[in-house]
Amino acid sequence: MSSITPPTPGVTPGITPGITPGSITPGATPNPITDGRITADLLCVECEYNLRTLALSATCPECGMDVIVSARGDHLASAPAHWRHGLSRGAWWLRLGVILAIPFVYPGILVSCLGLWFLTRAQPHRDEPALDRSFRLTTRWVGGLGGAVIVCLALGALIALASGGQRLFDDWRYNGLPIFDVLWLVAHAVWVLGLLSAWRYLRVLAQRVPDNDLATSFRGLGRCWVWAVLIVAVINGTTFGLIQLNLLPGGSTSPWVALALSLIHMVILTSLWVATLRVVARQAAVLRAVADDG
Ligand SMILES: [Zn+2]
């Protein structure tokens, strides 16, 4: 079937001219990307505008579609059917996991991780661009496996509490080093980084459909997550600082402070959940269509 061409220096591997109808004869064109710029004739997959001379990060001047979507010639439709079915299955599990995440946070995380695991399997016999590979592997090991680690931590804590280990647990948390709390926070922070990598990698898959709207949605989702993390960090950091400086009326024991913080977190988490669900549901539909296509 298809042969693997070794990467040429200065040329992005895995991104080859798409087979497009019209005046440009496919095959005769060399790889059109040099140093992040289109250097040969390449038609926009949406409107067939010639994207030559444009930067890979630019958008089509005619229809606004991302240039990289047209530049990615390795469309998912030409990938092996069993691998495409794996992607579709992964997207299905990811969507189910996100649905479950409110109110069943940890079962939801576990199911989502299974989805990420399926979504990040390497495509057989494909010369994958180095950056795409880094995001795929980060998503797989940090997002997929990291999620499983925090579920184990949660389960461990639950078992410790249920088996009458409350006193031991409290001793561990409050009298010595707060090992569990630190581990808990670090594991969650690392996992969120894995998720940010996931949204970046799933954008690559969307570009390969090619589906510009879905790719743009994943970029927006990534930004939403970054903003949410920043806002939560600033609010919690400020509250912690005010409590330490005794500037908060009622101090750390004030029920109003706890209520306000819970409400703010609830609003942020719910908005993030709605945004994520919308994008992963769309992705599941798109990848299902790609899998069913031939
Ligand atoms: Zn266009």
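Reader: Which residues have the most contacts inside the largest nonpolar core?
Author: This is a predicted model. Its largest nonpolar core has 49 residues. A91, W199, L202, A206, F218 and L287 have the most contacts inside that core.

Reader: Which elements give two or more residues to this core?
Author: They are α1, α2, α3, α4, α6, α7 and α8. The most comes from α6, with nine residues.

Reader: Why is W225 called partly exposed?
Author: W225 has 18 other C-beta atoms within 10 Å. Buried needs 20 or more, and exposed needs 12 or fewer. The value 18 lies in between, so W225 is partly exposed.

Reader: Where is W225, and what does W225 touch?
Author: W225 sits in helix α7. Leaving out residues up to four places away in sequence, W225 touches L195, L196, W199 and L272. W225 and L196 are 29 residues apart in sequence, yet 7.3 Å apart in space, C-alpha to C-alpha.

Reader: What makes α3 and α4 roughly antiparallel?
Author: The two helices pack at an angle of about 155°, with axes 9 Å apart. Angles over 145 degrees count as roughly antiparallel. The angle passes that cut-off, so α3 and α4 are roughly antiparallel to each other. The crossing of α3 past α4 is left-handed.

Reader: Which residues make the contact?
Author: From α3 they include Y106, I109 and W117. From α4 they include T139, R140 and A154. The residues of this contact divide into ten nonpolar, five polar and one charged.

Note on methods:
Residues numbered from 1 in each chain as written. Predicted model: local features only at pLDDT ≥ 70, side-chain atom pairs only at ≥ 80, totals over all residues. Axes fitted to C-alpha atoms, helices over the stretch in contact; angles between N-to-C directions. Helix = DSSP H or I, 4+ residues; strand = E, 2+ residues; numbered from the N terminus. Parallel < 35°, antiparallel > 145°, perpendicular 65-115°, else oblique. Left-handed = near helix turned anticlockwise from the far one by under 90°. Contact = placed C-beta atoms within 7 Å. Nonpolar A, V, L, I, M, F, W, Y, C, P; charged D, E, K, R; others polar. Core = buried A, V, L, I, M, F, W, Y, C linked by C-beta atoms within 7 Å.
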